[in-house]
Amino acid sequence: GPRRQAAAAGLKLRTAVAPGEAGLDTPVELKAVEGDFLKLSTGAAGALGLPAFDAAFDRGGLVAVEPSDRSAYAAALTGLMAPTGRVLLVAVEHSAFADGRLGPPYTLSEVQVRELFGADFSIELLQREDRFELEPVWRKRGCTHFAEVAYLLTRKPRAT
């Protein structure tokens with residue numbers, strides 16, 4: 001109805017179903033939301049019929065948004081997660097590019113990850129990998145260091 005459309009204004013849901021693994025009868029359903037992720041509030045997600053997610057993988061999402069939009073991004077992602085949800089977040093840490101900019105991809109420190117998500121998630125640093133020598137593009141862009149950092153965010157139990 002009109003209320004459902006208003007809550008999800010500008011967002012579209014696309015669904016694809018693929019057969020399951022050989023020998024299994026359960027198909028795999030993939031859902032993609034097209035639109036501005038920052039507008040994907042809990043209400044808009046509900047209007048689209050999205051469930052709360054048990055798991056999410058963010059590689060290239062948060063580090064692509066303007067730093068001024070990070071808190072809105074974190075709020076949208078948090079609102080999509082189930083009470084026991086987990087997020088595998090891959091961030092990057094690097095020096096300024098030759099033109100002085102810090103992105104995109106925007107550098108994101110562990111302190112910043114904890115500021116954005118620490119109220120709702122316990123945060124475990126899984127791995128920090130130096131990618132500077134492996135990916136020559138970063139030297140060409142003027143960096144002096146570039147690392148990819150993986151975190152596991154686990155939703156904290158809600159106080160009752």
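**Exercise 1.** In this predicted model, determine how many residues line the largest pocket and which of them lie nearest its centre.

*Solution.* Begin with the lining as a whole, which comprises 19 residues, and then look towards the centre of the pocket, where Phe37, Leu40, Phe53, Leu77 and Leu80 lie nearest. The space inside this largest pocket amounts to about 380 Å³.

**Exercise 2.** Identify the partners with which Arg131 forms salt bridges, and decide whether Arg131 is buried or exposed.

*Solution.* Take the partners in turn: Glu129 forms a salt bridge with Arg131, with the closest N and O atoms 3.2 Å apart, and Glu135 forms another with Arg131, where the corresponding separation is 2.6 Å. Through these shared partners, Glu129, Arg131 and Glu135 are joined into one network. For the accessibility step, the cut-off for buried is under 20% relative accessible area; Arg131 has 18% and is therefore buried, whereas Glu129, at 26%, counts as partly exposed.

**Exercise 3.** State how many salt bridges the structure holds, and describe the one between Asp99 and Arg101.

*Solution.* The structure holds eight salt bridges. In the one between the side chains of Asp99 and Arg101, the N to O distance is 2.7 Å, and Arg101, with 40% relative accessibility, counts as partly exposed.

Methods: Residues numbered from 1 in each chain as written. Predicted model: local features only at pLDDT ≥ 70, side-chain atom pairs only at ≥ 80, totals over all residues. Heavy atoms only, no water. 1 Å grid on protein atoms, 1.4 Å probe; cavity = no way out; pocket = protein on both sides within 12 Å on 5 of 7 lines; lining within 4 Å. Points joined across faces, edges and corners; volume = space filled by probe spheres on them. Salt bridge = Lys/Arg side-chain N within 4 Å of Asp/Glu carboxyl O. Buried < 20%, exposed > 50% of the residue type's maximum accessible area, 1.4 Å probe, protein only.
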